[in-house]
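Visitor: I am new to this structure and would like to learn how to read it piece by piece. Could you take me through it slowly?

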Amino acid sequence: MLEIRIHGRGGQGNVVAAYLLAAAAFEVQRYGQAFPNFGAERRGAPVVAFVRIADQPIRRRNQVLTPAFLIIQDQALLHVPGVLDGLLPGGGVLVNSNLSSAELSANAGRALVGLPASALAKEILGKPVPNTALLAGFLALSGILPVDALNRALTHRFKGDVLERNLRLVETVTSRVPAGLWATTQEVADVTGA
Amino acid sequence: MLQALEGSQAVARAVALCRPQVVSAYPITPQTHIVENIAKLVADGQFKCEFVSVESEFSAASVALGAAMAGVRAYTASASQGILLMAEVLYNIAGMRVPLVMTCANRAVSAPLSIWNDQQDSMAVRDAGWIQLYCADNQEAVDTTMQAYLIAERTELPVMVCMDGFTLTHTLEVIDIPDQAQVDEFLPPYQFARTLDPRNPISIGTLISPDYYSEARHSHHQALLNAQAEIIAVDNAWAALTGRSSGGLLTIEGPAEATVAILVLGSVLGTLQASLDEYPPAIPVKLIKLRAFRPFPAAALRAACAGLTDIIVLERALSPGSGGIVGLEVLAALSSVSAPPRLYNFAVGLGGRDIPLDIVSRLLAALETPEDRTFRIIDVDITRLPVEDR
Amino acid sequence: MTTDTLIKITDLRQKQPRFRGLEAGHRACLGCGEALAARLVTEAAGPDVMIANATGCLEIFTTPWPESAWRVPWMHSLFENAGAIAAGMESALKAQGKSTKVLAFGGDGGTFDIGFQALSGMLERGHNVLYVCFDNEAYMNTGIQRSSSTPHAAMTTTSPPGKERMGKRHLKKDIVSIVAAHHIPYAATSSVAYPSDIRKKIRRAMAIDGPTFLQIHCPCPLGWGHEGDESIEIARLAVQTGLFPLVELERGGLAGVMPIRHPKPVQDYLRRQQRFRHLFVDDLRAQQELAHIQAIADHNIEIYDLAGTGRNAQDSEGMSLVRRGGDRWA
């Protein structure tokens, strides 16, 4: 079983990101579970969402304390204590940032991958909502699900012009991100072999 | 059909499949997605009903009551403060033996204010005279909704389908949504003998003098006790149709040789199951899932506890100044057994506090001091308490 | 007249096509204005109705289980939800495509106070419900406590006069204006002293598909402090002084009034009731209150143009009733 934690702010589509990821797992006949942990319900408030992906039904409902991967939807959240807590050794961290991965990693003192998700979203979707871009980047990096599964999940959630733009965004991101960078990490993280 | 859905979305579809003709709705976290999803189904023409956006939960329950009395299947949902605000109506509905179904998206009750999951709300109205069924996951929430209408209309008792707020309502997982044909086969059109009809006028809801009151209460109590059989029968019928049981009145699972059991209601079951599988404790442990809290399945519980030496009741609410609520009822049910198991009673996860996988080891540690079985909130952080409260 | 003729007239009376939605034999007090109003309302509304009745005198004295005085489908739920129960009934009937009209009955307590929210919600959502408020100006069922409908300076058990007080301190809530502000098709006031007026207004409301409201002034002999056989006369005085104007509003605009032929001074009304007796002592405060109440009446006469100068000047105080020669029940 794989566990992923997504940190964001209210309004950045944090919960939708988690739902899309779990739904994408379902598209390839795997089990997915996703749920939020709200702070206060307003724009800008820090929110966290959790995702589990497995090949058996997922029964536990506790919060993800030891994620294999982290997706950080807002670079400023890196300063919030606890955001990186529990990450499994060798775990991958994807950050929404205009800085390069090298710069991000240097600042944080650990390996981080940066993706200008908001900027790309602003360009292609018309709004700086980073979640789709981050998910595409995440899947490309980790290889835990085929990117096409995300596309199919998007098709169930959006339609018309919005869907089209999201699909285009996915394609743009996957062409830019080094595919399979975290593939070895995945094997390490896949603790239970479930 | 299997779908990846948010719990609330799945419940909204389940409700639509039951074909209520009036749905009343007042928003409260974490029920809002249920009523929003229903509104969307109505707006998109996928579900035909009178959707009444009322001005408070008191009216939400009242509109559903008026509709049920005027001849149609009705539905509403609420949580927390809303359940308490409509409490008067809940007693009224049950006392008039009206077959309504509602969802309670279990949430803590102010004060302190909390929007997160525990079961204080539904526990607060346990005496209202409703059937209360607790769901361990979103599949059960869907299946139990269908079953609830059949149980309600057969027993003339309203049914509250309890599902943990956020933990279930806002969790997306794979759920099998039955198709309309299956549900129509299972659930016939609305049946209620005492509807209001100008062709055959009746008066309902009148004042009852002491000469008649006790008999009405006796019959109500008896009806709830008798409903146990119906709850089992309906679950069996659903299982025959879909291959899925929601657990009847209660279930017990685990190694046959185990003499220690943990009893829970609701979604914490999944975490306990995963914990026992992944980190098997030194001593074998059974899990008892209580699905029906009202009627309280005392006989079934006694049977399930046969051979146990210890039972740990883990609940998501408490009665301040007394202790556990479920624990007390379990204790009472077991009191007539010769050599009943020792009972340990804890509250956990109040106000939405996360219940981690290692909760099991903390529970089992209590067995080491059987002389002290006082109720306590097991996940209290001592360091955050004032010294005098420790 | 011979005995035969007398018997025949009685027979005719029995055969008059008058629908009795509320039967005799209920347990109301002698001279209860509310009982009379409920009978008149259900007569005019006819049998194809369903009633949602709030807690109060009316539901208590009409349904001493196992007996009921209602000949139409009737339900009592709680105190604060007549509007919501009615809304639920109406939604169900609409879903079933049925023509049955929903009536909501509430006293002033259940309408002005505790049931206010549910009423407002029902009106705002445009349900096809006729809400009738039987206004006897206090919580009578529980023993005469003040409500927001209790008139200024009236004595109740929770607004007693004394050294520091002259009865109820606050003004009577203007419920019909608040209701009319929801822009519903029809909102009106009436009084048990004018049964034809009640009948006319009920029939009007029944014919409208949408929320309608009728506030009926109902004396309570016990609560107001007068004899049962004075109820009608005292109700009439309330109208004739201008203290209880009979008006009709459509979508919030004034559509009709019953003009007052010869407005009477408020003392004529007040002195007949024990609940105002503290205003008839030799006390400056009492005199001030009387003047205040007169000012309220004068204000009503002015804002509703009740002085008979408008179009309906000839139809004051149900004069059309008088001109037609006595009681007319058809």
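**Reading the model, feature by feature**

Guide: Let us begin with a helix, and with the residues around it: what covers the buried residues of α6(A) includes β6 (113–115), α3 (117–124), α4 (131–142) and α5 (147–157) of chain A. Please keep in mind throughout that this is a predicted model.

Visitor: Which residues of α6(A) are buried, and which are exposed on the other side?

Guide: A residue is called buried when 20 or more other C-beta atoms lie within 10 Å of its own. In α6(A) this holds for N166(A), L169(A), V170(A) and V173(A). Seen down the axis of α6(A), the buried residues fall within an arc of 100°, so they line one face of the helix. On the other side of α6(A), the exposed residues are G160(A), D161(A) and S175(A).

Visitor: How should I read the way the chains touch, and which pair has the most contacts?

Guide: One looks for residues whose C-beta atoms lie within 7 Å of each other. Two pairs of chains touch, and the most contacts are between chains B and C, where 36 residues of chain B meet 39 residues of chain C. Of the elements on the chain B side, α3(B) gives the most, with nine residues, and the residues of that side divide into 21 nonpolar, 11 polar and four charged. Chain A and chain C, by contrast, do not touch, and their nearest C-alpha atoms are 27 Å apart.

Visitor: In what sense do β9(B) and strand β2 of chain C pair?

Guide: Here the strands to compare belong to two chains, and β9(B) pairs with β2(C), residues 74–76, in the parallel sense over two bridges. In one of these strands, β2(C), W74(C) is the bridge partner of S203(B).

Visitor: How many helices and strands has chain C, and which of its strands form a hairpin with two residues between them?

Guide: Chain C has 13 helices and eight strands, and of its 330 residues, 53% count as buried. Among the strands, β7(C), residues 247–250, and β8(C), residues 253–257, pair in the antiparallel sense over four bridges, and L249(C) has L254(C) as its bridge partner in β8(C). These two strands, β7(C) and β8(C), form the hairpin, with two residues between them, and R251(C) in the turn has a positive phi of about 50°.

Definitions and conventions. Residues numbered from 1 in each chain as written. Chains lettered and ligands numbered in written order. Predicted model: local features only at pLDDT ≥ 70, side-chain atom pairs only at ≥ 80, totals over all residues. Buried ≥ 20, exposed ≤ 12 C-beta atoms within 10 Å, placed from the backbone. Arc of directions from axis to C-beta. Nonpolar A, V, L, I, M, F, W, Y, C, P; charged D, E, K, R; others polar. Pairing = 2+ DSSP bridges.
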